[in-house]
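Subject: Structure handover

Hello,

Here is the structure you were expecting. My notes on it follow below.

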Amino acid sequence: MTYFIIRRLLAAASALSACFFAFTPCRAQSAANDPVLSRLETLGIDSSQTENLAQALMDSIGPRLAGSASFAAASDWLMRHYRNWGIETRTEQYGTWRGWKRGHTHVDLVSPRLRSLEATMLAFSPGTGGADVTAPTVILPLVKDNVEFARWLPNVKGKFVLMSPAYPSCRPESEWQTMATPESKARMDTAIVRILHDWGARVDATGYEMNIGVPTGTLGVALEKAGAAGVIISNMTDQFGEAWGTWAVFETHNARAPAIAMSCEDYGLLSRMTERGQRPVLRVNLDARPTGSSPAFNTFGIINGTQKPNEYVFLSAHLDSWDSSEGATDNGTGTILMMEAMRLLKLAYPHPKRTIMVGHWGGEEVGEIGSRAFAFDHPAIGNAIAAGFNQDGGTGRIQRVWGAGLPDGDIHLRKWLTMLPEKVRPNFAGSHPYVGNTDHRAFTCYGAPFFLLNSVRWDNDAYTQHTNRDSFDKIVFDDLKQNATVVAMLAYVASEDPTFIDRTRADLNAPSPSPTGGASATPSQPVTMTRAELSEKLFPWKPKPGATTSNSLAWDNLGWITTCPNGPRFFGDSSNVRAPSRR
Ligand SMILES: [Zn+2]
């Protein structure tokens, strides 16, 4: 998931909880006095299963790309555990997705010298049928317009096309900040910002596009039609270069010419040699297989309610991942968190008042399609959600919880948070239904109180999310154990709450107060301009002429999207999903 900055926090965010005015009764229900909360704490911290579960899921089953066999294996594995724990479980298919099997990626520079390069196929890339393809490289040129580009296109025949800008330095900006002279840092920042900007213009001039989720875009398809042997991209997780040795690996729409993601360093090497006429030649051997149409489905665990079985407390995290590493923090840890919370609840609170249900969604990374399909297909459950808790923010401790744009939801959430032991208690973050690009939004769009759990970031954005380094070792188990315990506690207090959250919506257009509760940043030393700020200064963002900004969404007069579940899809590949999803 990625975060966007909310410009408008809600007036409702400042609504004070009932407990604020009635402090004593809330305190009386605190963890120390409540046997279920005490038991959850003891079980969650002292006999956590998170490490064994995570090791099996990340290392043995591995990454869980939508449409892959390992996604299905992960679902089977989840269901086996739920059955062993006496928890009801089922899957529900909502459509199909293209199936694909990742094999090996071998990329060697073979001339003018030998070096094996750090590279990985993009997801859904065609392979080379296990055979060597040996070919030279060519760089996407700067052309005047699409007519000139069409004239140039035959040059790619039989070559590997370098499609990305090459960074002059693959050291992170933070190192330039601490080690370089101010003049030297300013020079490097300017160089990188200009290179990125000029490259954007270079792509635009072709008349085709590239985007974040499909980084080869329609340009990659045009190159393969012109006979390219393959395309190569370099995709640092932060476009300004804030990480050592990580690159993001998303997907391609190429069908014949393989699409390869390469490290910043090796891509730079190829780019410099190509530019200076040193004629690098690559030998590429890729094993990848399309496996036809695969079922797209969600996996559930259910502990039935005893008093209000038709009201739901929903736990939520996506099961799918990108597949260049193990998908450990995006979102293996969310998966393990929710699984462990269900195990704890079954032991400490086996007869909940309301039904407690966990959704392990398929297809979050390819457009949140699993949660959207479920929210659309089950309006009765959506209306009956007493509380939902979604986690997709990496391995870190849950520090804040976002409200869902419902004033009464904020009051309930604040009250529940006060019931948790102080040492693990997250803060209330503010309230907005659309904060965070992940699965809770499928439900908040319909006005359900589905809350986003916000974690300590642990350099998630630069190092792990969607990268070649999202592996088991990055998991912080003390944080994960605490999270499972906190979520189990929240599920318990929400299940026991005598009242049901009123669906009256906040006015999202109302002016908002400043967020409260966060530490104000007081830098200890003067901070020079970041590359992002420099970029905005040199090349201020402007909408492209003729581009529509609304993404065909409709909004009501309170600022809520009225077009659920077909809200914004972030990676644009909905080609194999029929939407709306009812079938
Ligand atoms: Zn995620």
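I will start with a loop. Arginine 279 sits in the loop that runs between helix 10 and strand 8. Please keep in mind that this is a predicted model. Arginine 279 is not a glycine, yet its phi is positive, at about 50°. It counts as exposed because it has 11 C-beta neighbours inside 10 Å, and a residue is called exposed at 12 or fewer.

Glutamine 278 belongs to that loop between helix 10 (264-275) and strand 8 as well. With 12 other C-beta atoms within 10 Å, glutamine 278 is exposed. Leaving out neighbours within four places in sequence, glutamine 278 has contacts with Pro112 and Met273.

Proline 112 is in the loop between strand 1 and strand 2 (115-116). Another cis peptide bond links aspartate 330 to asparagine 331, with omega about 0°. Asparagine 331 is part of helix 11.

Histidine 466 is in the loop between helix 16 (460-464) and helix 17. Is histidine 466 buried or exposed? It counts as buried, because 26 C-beta neighbours fall inside 10 Å and the cut-off for buried is 20 or more.

Now the chain as a whole. The protein chain contains 18 helices and 14 strands. Of its 583 residues, 49% are buried. Among contacts with a separation of 6 or more, 83% are between residues 24 or more positions apart.

Next, some of the helices.

- Helix 3 covers residues 35-46, twelve in number, and spans 16 Å from first C-alpha to last, close to the 16 Å expected. Its buried residues are Leu37, Leu40, Glu41, Leu43 and Gly44. These pack against helix 11 (328-348) and helix 17 (477-496).
- Helix 12 (residues 369-377) is mostly covered, with eight of nine residues buried. Arg372 is one of the buried residues, as are Ser371 and Phe374. The buried residues of helix 12 pack against several elements, including strand 1 (88-111), strand 8 (281-303) and strand 10 (354-361). Helix 13 (379-383) and helix 15 (440-444) are also among those partners.
- Helix 8 (residues 182-206) and helix 18 (residues 531-538) have axes that come within 10 Å and cross at roughly 60°. At that angle helix 8 is oblique to helix 18. The crossing is right-handed. Where they meet, helix 8 supplies Asp189, Thr190, Ile192 and Val193, and helix 18 supplies Arg531, Leu534, Ser535 and Leu538.

Last, the strands. Strand 6 (residues 230-233) is covered on both faces, with Gly230 and Ile232 buried on one side and Val231 and Ile233 buried on the other. Strand 5 (residues 160-162) runs parallel to strand 6, joined by three bridges. In that pairing phenylalanine 160 is opposite glycine 230. Strand 7 (residues 259-262) is also parallel to strand 6, again with three bridges. Here isoleucine 233 has alanine 261 as its bridge partner.

Regards

Notes:
Residues are numbered from 1 along each chain as its sequence is written. This is a predicted model: local features need pLDDT of at least 70, side-chain atom pairs count only at pLDDT 80 or more; totals for chains, interfaces and linings use all residues. Helices (H or I, at least four residues) and strands (E, at least two) are DSSP runs, numbered from the N terminus. The expected span of a helix is 1.5 Å times one less than its number of residues. Two residues are in contact if their C-beta atoms, placed from the backbone, lie within 7 Å. Two strands pair if DSSP finds at least two bridges between them. Axes are lines fitted to C-alpha atoms, for helices over the stretch in contact, and angles run from 0 to 180 degrees between N-to-C directions. Angles under 35 degrees count as roughly parallel, over 145 as roughly antiparallel, 65 to 115 as roughly perpendicular and the rest as oblique. A crossing is left-handed if the near helix is turned anticlockwise from the far one by less than a right angle, and right-handed if clockwise.
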